[in-house]
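The following paragraphs go through selected parts of this model. Please have the sequence and the coordinates at hand while reading.

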Amino acid sequence: MSVQSSSSNIYFHLGTVFMVVSIAVSIFVLTVIWKTSTDNNPTNNRYFNDYDTNFQDFAGHHVISICCTWGEELADGELTFMIREDDDDEDSDNQDSIGTLNRDSNTIKNEAVYDAIEEWDLRIERLTFREVQNKYDADIEIRFKEGESNVAGLTRNFYDRYGLITKSFVTIYDRGFLFAFNNDQIEQIAKHEIGHVLGLGHANFDDSLMVTRIHHGSGTISDCEIQAVYEANHWKLRNQGRDTHNHIYYPNIQYLECNNNV
Ligand SMILES: [Zn+2]
C-alpha cells in the first residue's frame with residue numbers, strides 16, 4: 001500500500017516536472033516565433049530606412065545626405081530590376097491571369113519607370129541596369145500600389161550583416177481618378193526612389209530631385225545627385241580599375257554639399 005502510493009507520488013512529481021518543462025519550452029518557442037515575425041514587420045525593423053536625416057547643422061548649405069552602399073551585387077557594375085505586374089502580394093505567379101486591359105494601363109506607367117531608370121543608367125558611367133523577368137533574379141523590385149494619402153513612393157533597402165544593400169523594393173503609390181499622377185510625376189517619383197535605391201538620402205533644399213515632397217522637387221537628375229551616387233558607392237563607381245579585387249568600402253562622407261550652380 002505504502003509502496004504503491006509512494007510510486008504514484010513519484011509519477012505525480014514527474015508529471016508535474018514534465019508539465020512545467022513543456023510550458024517553459026512552449027513559451028520559449030512562442031517568443032522566438034513572435035520575435036521573428038515582428039522583425040519582419042517593416043514598420044519596426046532595423047532594415048527599414050528613414051531618409052529624413054537631421055539637417056540642422058547645414059543651415060545655409062545645400063546638401064544631399066548619403067545613406068548607404070551596395071554590396072557585392074554591384075561588383076559586376078550591373079543592377080537587375082523587375083517591374084512587377086501583379087497588384088496583390090506574392091501569390092500570382094501565373095502571368096496568364098493578368099487581363100489585357102490591366103496590362104495596357106500598366107504599360108503607360110511602366111514607360112515612365114523605364115524612362116527614369118534609363119536616365120540614371122545613362123548618367124552613372126560605370127553602372128548599367130538590366131531588366132529581368134524573375135523577382136528572384138532582381139536586385140530591385142518595382143511595383144505600383146493603390147494610393148495612400150500622403151506618400152507618393154517608398155523605397156525599402158535590405159542589408160546584409162555588414163550593412164551593405166542586398167536588395168531594394170520600390171513602391172509607387174498610384175492614386176485613382178482625380179488625384180492620379182500624370183506620367184511626368186510618375187517619372188519624377190521613380191527617379192527619386194531610384195535615388196534611394198542607389199544610396200541617397202534626402203536633400204535639404206527645394207528644386208532637388210531628392211527633396212522630401214515631390215511638389216517642391218525637380219524631375220531632373222542634377223550633377224549633385226550623380227556625384228552623391230558616386231560617393232555612396234565609390235568602391236565600385238569611382239574605382240578606375242586600380243583595385244581589381246573589388247574591395248567594398250563604406251561611403252567616406254554622410255552628406256554631399258551641392259554648389260548653387262549645379
Ligand atoms: Zn524619399
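In this predicted model, strand 1, residues 63–66, pairs with strand 7 in the antiparallel sense, and 2 bridges join them. Within that pairing, Ile 64 has Ala 203 of strand 7 as its bridge partner.

The pairing belongs to an open sheet of 3 strands in the order 7-1-8, with antiparallel pairing. The edges are taken by strand 7 and strand 8 (255–257); each has a single partner strand, so one side of each is left without a neighbour in the sheet. From one strand to the next, the twist averages 25°. Helix 4 lies across strand 1, strand 7 and strand 8, and runs at about 25° to strand 1.

The phi angle of Asp 207 is near 65°, which is a positive value in a residue other than glycine. Is Asp 207 buried or exposed? Asp 207 counts as exposed because it has 12 C-beta neighbours inside 10 Å, and the cut-off for an exposed residue is 12 or fewer.

Other strands pair in the parallel sense. Strand 2 (residues 78–84) is joined to strand 4 (residues 140–146) by 4 bridges, and the two are parallel. Here Ile 83 is placed opposite Ile 142 of strand 4. Strand 4 also runs parallel to strand 6 (residues 165–174), with 7 bridges between them. In that pairing, Arg 143 stands opposite Thr 171 of strand 6. In a regular strand, side chains alternate between the two faces of the sheet.

Leu 164 lies in the loop between strand 5 (153–159) and strand 6. Leu 164 counts as partly exposed because it has 19 C-beta neighbours inside 10 Å, whereas a buried residue needs 20 or more. Which residues does Leu 164 contact, leaving aside its neighbours within four places in sequence? They are Thr 69, Trp 70, Gly 71, Tyr 159 and Ile 248. Glu 72 is 92 residues from Leu 164 along the chain, yet their C-alpha atoms are separated by 8.4 Å.

Key
Residues are numbered from 1 along each chain as its sequence is written. This is a predicted model: local features need pLDDT of at least 70, side-chain atom pairs count only at pLDDT 80 or more; totals for chains, interfaces and linings use all residues. Two strands pair if DSSP finds at least two bridges between them. Axes are lines fitted to C-alpha atoms, for helices over the stretch in contact, and angles run from 0 to 180 degrees between N-to-C directions. Two residues are in contact if their C-beta atoms, placed from the backbone, lie within 7 Å.
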